[in-house]
Amino acid sequence: AFSPDSRYLLSSSQDNNAIIWDINQQQRLHTLKGHTNHIYAVAFTPDSKRVVTGSYDQSLRLWRVTDGGLIAKLEGHSDKVQSVAISPQDGTIASGSLDHSIRLWDGVTGQFIKTLANQGTIVGSLSFSPDGGYLVSGVSSAPTNCHVWSYPSGKEIVTYKEHDNIVLATAVSPDGRWVATGGGDNQ
């Protein structure tokens, strides 16, 4: 993930660590250590001051960009964390898990806010709209329906039922008018 100010890049791997890279210096800034399983989800807060990592150890972690320090360990999912997105408007963190839930967290403190939804299948990807008014979720298991949720209410706005396989990518156009989903069925 690139930081909104285009100064940093956040990468993760199966070695249980994430790295914050300084793009201008083209070098590693900080290695984020502490997860006990693979990290599959990363994101920056809108102010580029914090990053979040989501892991198969069932937790998320919120870190400071300036020194790589841990702010909070976010616990509550009962299975692996597969996806994360951060509202571009208020910085709220949304996390998706193999436990089928989408949980919301405070993007400054890491405090749990609420469970937004249970989509009844593994949450494979998450994307906020640019105005922060809705959240799109993909799937990593059957049924392969994608969902659009009103934020912050969690009311389901629409369900997309065209995929016949997992959906690992979701995106919202910069003007918020279009949603794209991509999955394992080549569609």
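In strand β9 (residues 93-97), I93 is the bridge partner of I86. I86 belongs to β8 (81-86), and the two strands pair in the antiparallel sense over five bridges. Strands here are DSSP runs (E, at least two residues; helices are H or I, at least four), numbered from the N terminus, and two strands pair if DSSP finds at least two bridges between them. Between β8 and β9 there are six residues, making a hairpin, and G91 in the turn has a positive phi of about 75°. β8 is mostly covered, with six of its six residues buried; buried means under 20% relative accessible area, exposed over 50%, and partly exposed in between (1.4 Å probe, protein chains only).

A word on what you are looking at: this is a predicted model, where local features need pLDDT of at least 70 and side-chain atom pairs count only at pLDDT 80 or more, while totals for chains, interfaces and linings use all residues. Residues are numbered from 1 along each chain as its sequence is written, and side-chain values use heavy atoms, with hydrogens and water left out.

Rolling a probe the size of a water molecule over the atoms shows where empty space is left. A pocket is an open set of points on a 1 Å grid over the protein atoms alone, where a 1.4 Å probe fits, with protein on both sides within 12 Å along at least five of seven lines; lining residues have an atom within 4 Å of a point. The largest pocket holds about 420 Å³ of space, a volume being the space filled by probe spheres set on the points, which are joined across faces, edges and corners. Its lining counts 28 residues, and nearest the centre lie A43, F44, V84, A85 and I86. The elements giving two or more residues to this lining are β4 (39-44), β8, β12 and β16 (167-172). By type, the lining has 18 nonpolar residues, ten polar and no charged; Ala, Val, Leu, Ile, Met, Phe, Trp, Tyr, Cys and Pro count as nonpolar, Asp, Glu, Lys and Arg as charged, and the others, Gly among them, as polar.

β12 leads us on to an open sheet of four strands, in the order β12-β13-β14-β15 with antiparallel pairing. β12 (123-128) and β15 (156-160) each have a single partner strand, so they stand at the edges with one side left without a neighbour in the sheet. Inside the sheet, four bridges join β13 (residues 134-139) to β14 (residues 146-150), and V136 stands opposite V148 in β14.

Another hairpin is worth a visit. Strand β2 (residues 18-22) pairs with β3 in the antiparallel sense over five bridges, and I19 has T31 in β3 as its bridge partner. Four residues lie between these strands, and Q26 takes a positive phi near 50°. Q27 is found in β3 (residues 27-32). Why does Q27 count as partly exposed? Because its relative accessibility is 44%. Not counting residues up to four places away in sequence, Q27 touches W21 and D22, contact meaning heavy atoms within 4.5 Å.

Finally, look at G110, in the loop between β10 (101-105) and β11 (112-118). G110 counts as buried because its relative accessibility is 8%. Leaving aside neighbours within four places in sequence, G110 is in contact with L62, A72, L74 and W105. A72 is 38 residues away along the chain, yet the C-alpha atoms of G110 and A72 are separated by 5.7 Å.
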